[in-house]
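User: Can you walk me through this one? I'll ask as I go.

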Amino acid sequence: MAELAIGQHCGVEHCGQLDFLPFVCDGCSGVFCLHHRSRDSHGCSEVNIRSESMKSDEHLSYPCTYKGCNGKELLPVLCPYCKKQFCLRHRHQSDHECEKLDTPKPRMAATQKLVKDIIDSKKEEAVRSKRRKGAKNSETAAKVALMKLKMHACGDKSLPQTERIYFQVFLPKGSKEKSKPMFFCSKWSIGKVVDFAACLADLKNDNNKSTAKVNQ
């Protein structure tokens with residue numbers, strides 16, 4: 001895997017320290033580390049001599065060029081890429097939106113995509129797990145409801161358990177109850193089931209009575 005070229009080495013011969021955010025001297029334009037950023041510390045060969053008329057207590061300041069920032073530094077802080085002056089707060093490329101900021105390398109873009117795919121996969125797995133859990137809970141609730149129905153259902157007690165079929169029968173308006181759990185024989189006809197249900201619910205039932213006149 002190729003190494004990333006980040007930062008620069010200090011220009012002082014006996015130092016050579018690798019600094020990820022190096023300083024650029026405004027006198028000799030050399031690149032230096034934090035300890036050798038002042039002109040005196042690196043023996044700058046092109047020191048800008050101030051005017052003798054300048055008062056001894058007057059200090060030169062370096063304003064930050066980042067938009068909207070009023071910060072100033074007593075020593076120059078130049079971006080080694082765009083060569084502009086910034087305060088310590090905005091010295092990093094990403095902090096001052098450097099015009100020379102490199103775009104992500106293809107390898108980096110591929111890594112970011114891989115990380116995103118892994119995160120998306122984890123989210124999808126969490127959703128599927130939640131759905132499975134919900135389906136399991138629904139299945140359990142259905143079993144509990146069936147058990148309660150069997151416990152309270154009324155019907156012909158002489159019917160074998162293997163022939164019983166259970167229903168929650170909803171009764172017509174005007175009945176004392178809205179619904180009633182019942183069981184019937186799985187071999188009965190629809191008519192017999194209706195007649196038996198009417199009997200259990202104490203409902204008037206004329207389905208099994210003939211109203212036709214018999215011819216003499």
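**Chat on the model**

Analyst: Asp202 lies in the segment after helix H2 (190–200). Keep in mind that this is a predicted model.

User: Asp202, buried or exposed?

Analyst: Asp202 is exposed, because its relative accessible area is 71% and the cut-off for exposed is over 50%.

User: And what is phi of Asp202?

Analyst: Phi of Asp202 is near 60 degrees, which is a positive value in a residue other than glycine. Ser29 also has a positive phi, near 65 degrees.

User: Where is Ser29 found?

Analyst: Ser29 is in the loop between strand E3 (23–24) and strand E4 (31–32). With 54% relative accessibility, Ser29 counts as exposed.

User: Switching topic. How many helices and strands does the protein have?

Analyst: There are two helices and eight strands. Starting at the N terminus, the order is β-β-β-β-β-β-α-β-β-α.

User: What share of the residues counts as buried?

Analyst: The figure is 24% of the 216 residues. As for contacts with a separation of 6 or more, 25% are between residues 24 or more positions apart.

User: And the accessible surface of the protein? What does it come to?

Analyst: About 17,100 Å², with 55% of that belonging to carbon and sulfur atoms.

User: Which residues form a nonpolar patch on the surface?

Analyst: Ile6, Leu18 and Phe20 form one, and together they have about 300 Å² of accessible area.

User: Where does Ile6 sit, then?

Analyst: Ile6 is in the segment before strand E1 (8–9). Ile6 counts as partly exposed, because its relative accessibility is 46%.

How values were computed. Residues numbered from 1 in each chain as written. Predicted model: local features only at pLDDT ≥ 70, side-chain atom pairs only at ≥ 80, totals over all residues. Heavy atoms only, no water. Helix = DSSP H or I, 4+ residues; strand = E, 2+ residues; numbered from the N terminus. Buried < 20%, exposed > 50% of the residue type's maximum accessible area, 1.4 Å probe, protein only. Contact = heavy atoms within 4.5 Å. Areas by Shrake-Rupley, 256 points an atom, 1.4 Å probe, with all protein chains shown as cover. Patch = residues over 30% accessible without salt bridge, like charges linked within 9 Å, V, L, I, M, F, W, Y side chains within 5 Å. Salt bridge = Lys/Arg side-chain N within 4 Å of Asp/Glu carboxyl O.
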